[in-house]
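The sequence and structure come first.

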Amino acid sequence: MKDAPIHIVLRRVLSICDDASAHDFLKQVLHISDDAVAPYDEPQELLPQMSPTESPCNFWLSTADDWKPAFESLEEGKRSGLSYSLVILFVRTDSWASVHENIERIWELDGTMRCILCVSGETEPWPASLPLSRPDQWAIFRTSGLPGELFQLALCLSGTHMTFAKVVKETLTVSDPNEDLVGEVIDSISQDPVDQEAELALARDELATSKFYVNNVLRSMADSLLVIDANLTIGSINPSLLSLLGYQEDDLLGQSPGLIFGEEFAQGAIIENLLMQGTVSGIESSFLTCDGQLIPISVSGSMMRDEEGQFQGLVCVAQDITERKRMEEEKLQLHEQLMDTSRQLGMAEVASDVLHNIGNVLNSINVSIGVVADLMKNSMVGDVGRISQLFNKHRDDLGAYFSTSPKGKQIPAYLEKLSGQLVEEQRTAIAELERLRENAHHAQQCVASQQDLAKVKGITEPISVIELMEEAVAANQKFLETSQITVIREFDEIPFLIVDKRQVLEVMVDVIRNACQAMASVSTKQLVVRAKLIPGPPDSVCLEIQDSGGGIAPDDLVKIFGQGKTTKDGVRSMSLHNGANMAKNLGGALRAHSEGLGHGATFSLELPGNFHFPDL
């Protein structure tokens with residue numbers, strides 16, 4: 001007489017390893033007796049003897065020492081209807097490529113198969129890249145871990161696979177090959193209480209699998225995870241956070257988040273944003289370690305709500321940005337070093353330019369001095385003294401001397417010639433002295449321009465752009481009247497501009513003066529002074545001086561702002577060079593435009609629209 005059937009959920013496991021000790025390790029972990037182990041060449045053996053009091057979840061272990069017999073066992077199990085639930089591989093870290101290929105082959109044979117890769121040793125490296133096609137159907141386990149963790153992992157993974165039930169008698173042994181067990185399994189499924197118990201066991205397995213999967217994700221996170229409960233205490237943390245702060249889990253659970261966030265969290269900087277916005281991303285803060293050290297972090301988080309929309313807590317993920325901060329500090333220091341080096345190079349270049357320009361001026365001065373010196377050496381002014389001696393010698397008979405003496409008769413003609421020569425010498429000397437004065441002034445401008453660049457920027461203040469333009473025109477009023485230049489004003493309505501008035505005024509005065517000099521040789525002399533508002537963004541202001549002078553050649557347009565450069569009409573552009581530098585200091589730019597020689601020129605000073613509205 002047959003005893004009452006026992007419903008057993010059997011999980012068939014295939015172990016692939018050529019080391020007998022590994023199989024012994026699995027037998028211990030999975031609580032398998034010697035009777036429940038079948039070699040790969042005997043897949044038809046089913047169950048050992050078991051009592052009704054044993055767990056309804058049992059592992060049946062088959063072993064294979066190589067891939068070939070392993071695939072034979074998998075194929076035989078599939079043909080017999082007793083397929084495996086789980087494959088456990090003992091692998092070496094130098095054979096990832098082979099492991100990848102054979103796991104994909106297993107999934108080609110059975111797409112629902114789960115796999116566990118056992119790696120020995122704490123020092124063995126993890127695979128740099130193992131792009132398996134089914135990431136949710138495999139896991140890695142270090143054999144140096146706790147056996148209970150491998151058991152739970154095997155239980156969870158095999159529980160998600162299709163399990164099969166066997167109805168066996170207590171008296172049935174593995175030597176009863178004539179029993180039609182598959183038929184008994186099908187018959188047993190129709191028994192409602194048994195089916196319900198099996199479904200309940202399967203549901204428990206799936207729940208355990210999900211829990212293990214979630215816990216595995218949290219344990220594997222490189223970033224720190226912090227869950228704050230509805231009562232604003234720490235409800236959950238992951239190992240990364242504990243490792244970063246040096247705490248044990250029991251030290252933090254139930255504590256205030258201010259324990260690890262410090263004053264910033266206590267003041268509400270982070271939690272207030274989370275409660276008001278629902279989510280935050282990339283907020284920089286700091287963690288406080290157990291020994292009081294501050295660690296810079298970047299925090300992202302979101303609010304949790306239940307199905308009814310009620311507040312459940314906060315989830316925060318923090319990334320250690322110590323290295324990023326260090327790199328930013330190094331970058332800042334490097335930038336400062338580069339700026340200092342650039343400043344020194346600029347000073348050297350400026351000094352070189354100043355010396356070059358002053359050297360050119362000194363050469364011109366030396367030439368002028370040489371010309372004047374030669375003129376004085378060869379001057380005929382000495383002849384005036386000799387004629388004076390003749391006059392003294394014949395002062396009693398000058399009339400007779402001029403009329404009868406051959407030398408006396410030549411004196412009037414000689415005096416006329418001498419007068420002309422002395423006038424020419426005077427003209428030449430005056431011209432050279434004027435050149436000396438101009439060159440000395442040029443040298444003074446070179447030095448003054450560099451002094452202006454070295455000065456600290458002046459105080460900014462709200463100014464009226466139109467009034468400033470009128471001041472610039474008034475500063476050149478004498479020049480305008482002497483040269484008979486007509487001034488035309490075209491001013492837009494522009495709000496008060498916050499700017500360094502002294503620098504802007506100096507630039508505009510120099511530009512107007514240059515424009516007046518450019519019109520010295522033309523018949524129509526007209527100067528247009530213009531102030532325009534240029535809508536943005538960003539808003540800006542343009543101050544223009546347009547002249548009807550001789551214009552600027554295209555080649556000169558690109559070098560007109562160079563230090564010490566001159567245009568073809570001889571007007572020096574030293575002031576334009578200074579103006580361009582001042583415009584840059586003001587945050588703007590000084591530009592020149594001309595259609596060419598004979599078409600006049602326009603100079604524009606563009607300034608950022610830092611407006612002041614006193615009524616607001």
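In which helix is the place of Val214? Val214 is in helix 6 (residues 192-220).

**Basis**

The model is predicted, so local features need pLDDT of at least 70 and side-chain atom pairs pLDDT 80 or more, while totals for chains, interfaces and linings use all residues. Residues are numbered from 1 along each chain as its sequence is written, and side-chain values use heavy atoms, without hydrogens and water.

**Val214**

Val214 has 45% relative accessibility and counts as partly exposed (buried is under 20% relative accessible area, exposed over 50%, partly exposed in between; 1.4 Å probe, protein chains only).

**Helix 2**

Helix 2 covers residues 67-80, 14 residues in total. From first to last C-alpha it reaches 20 Å, close to the 20 Å expected at 1.5 Å a residue (the expected span is 1.5 Å times one less than the number of residues). Helices are DSSP runs of H or I with at least four residues, strands runs of E with at least two, numbered from the N terminus.

Among the buried residues of helix 2 are Trp67, Phe71 and Leu74. Gly81 follows helix 2 and has a positive phi, near 85 degrees.

**Ring contacts**

The whole structure holds two aromatic pairs (ring centres within 6.5 Å; planes under 30 degrees apart are stacked, over 60 edge-to-face, the rest tilted; for Trp the six-membered ring is used). Phe59 and Phe151 have ring centres 5.8 Å apart and planes at 75 degrees, so this pair is edge-to-face. Phe59 is buried at 6% relative accessible area, and Phe151 is partly exposed at 23%.
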